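Q: Hi! Could you walk me through this one? I'd like to start with the contacts and go from there.

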Amino acid sequence: MFQMASPTASWLDRSALTLSGLCLVHCLAGSVLLAVASVGGGFFSHRVHAVGLALALPLAVFALWRGVQLHGRCAILVLGSGGVGLMAASLAVGHGGSETLLSITGVTLLAAAHLLNLRWSRLHAQ
């Protein structure tokens with residue numbers, strides 16, 4: 001019933017975790033810089049969130065789905081979907097506290113899902 005975890009599946013989750021980390025750095029650094037100096041530039045524009053979501057969505061779907069096929073834990077897919085949903089919701093609000101809170105919470109949930117996916121995939125590969 002369960003398949004062996006492939007190096008590709010592990011690479012996908014690690015890539016997704018890296019992307020989540022970059023998003024967290026962006027959100028936190030952007031908030032601090034905007035609050036302190038009212039600067040931003042391209043890295044801190046609202047458009048970068050749409051690009052980040054466009055990168056995260058297919059990576060999350062593919063990596064989490066492959067993991068669920070391997071280990072059978074659908075809760076991981078639900079957790080990741082909630083994270084992606086919050087990230088998408090952050091696009092609907094303007095720059096500010098709500099956007100940052102939605103983005104950080106969404107990215108954290110998605111990163112947690114990828115971390116759990118990676119761990120459960122490794123356990124079932126042994």
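A: Happy to. A word on terms: contact means heavy atoms within 4.5 Å. Among the contacts in the chain with a separation of 6 or more, 76% are between residues 24 or more positions apart. Do keep in mind that this is a predicted model, where local features need pLDDT of at least 70, side-chain atom pairs count only at pLDDT 80 or more, and totals for chains, interfaces and linings use all residues. Residues are numbered from 1 along each chain as its sequence is written, and side-chain values use heavy atoms, with hydrogens and water left out.

Q: Thanks! How many helices and strands does the chain have?
A: There are 4 helices and 0 strands, so the order from the N terminus is α-α-α-α (DSSP runs numbered from the N terminus: helices are H or I, at least four residues, and strands are E, at least two).

Q: And what percentage of the residues is buried?
A: Buried residues are 31% of the 126 in the chain. Buried means under 20% relative accessible area, exposed over 50%, and partly exposed in between, with a 1.4 Å probe and protein chains only.

Q: Let's talk packing. At what angle do H2 and H3 pack?
A: Helix H2 (residues 47-71) and helix H3 (residues 74-91) pack at about 170 degrees, and their axes are 9 Å apart. The axes are lines fitted to C-alpha atoms, for helices over the stretch in contact, and angles run from 0 to 180 degrees between N-to-C directions.

Q: So what do we call that arrangement?
A: H2 is roughly antiparallel to H3. The cut-offs are under 35 degrees for roughly parallel, over 145 for roughly antiparallel, 65 to 115 for roughly perpendicular, and oblique for the rest.

Q: What kinds of residues make up the contact of H2 with H3?
A: The residues divide into 15 nonpolar, 4 polar and no charged. Here Ala, Val, Leu, Ile, Met, Phe, Trp, Tyr, Cys and Pro count as nonpolar, Asp, Glu, Lys and Arg as charged, and the others, Gly among them, as polar. On the H2 side they include Trp65 and Val68, and on the H3 side Cys74 and Gly80.

Q: Which residues form the largest nonpolar core?
A: The 10 residues are Leu53, Ala56, Ala60, Leu64, Ile76, Val84, Met87, Val107, Leu110 and Ala113. Such a core is a set of buried Ala, Val, Leu, Ile, Met, Phe, Trp, Tyr and Cys residues joined through side-chain atoms within 4.5 Å. H2 gives the largest share, 4 residues.

Q: Switching to His114: buried or exposed?
A: His114 counts as buried because its relative accessibility is 0%. This residue lies in helix H4 (residues 97-125). Leaving aside neighbours within four places in sequence, its contacts include Asp13, Leu17, Leu59 and Ala63.

Q: Where is Leu17, then?
A: Leu17 is in helix H1 (residues 7-37) and is partly exposed, at 25% relative accessibility. The C-alpha atoms of Leu17 and Ala113 are 9.3 Å apart, though 96 residues separate them along the chain.

Q: One more: what does Leu102 touch?
A: Beyond residues up to four places away in sequence, Leu102 touches Leu86, Met87, Ala89, Ser90 and Val93. Leu102 is found in helix H4 and is partly exposed, with a relative accessible area of 23%.
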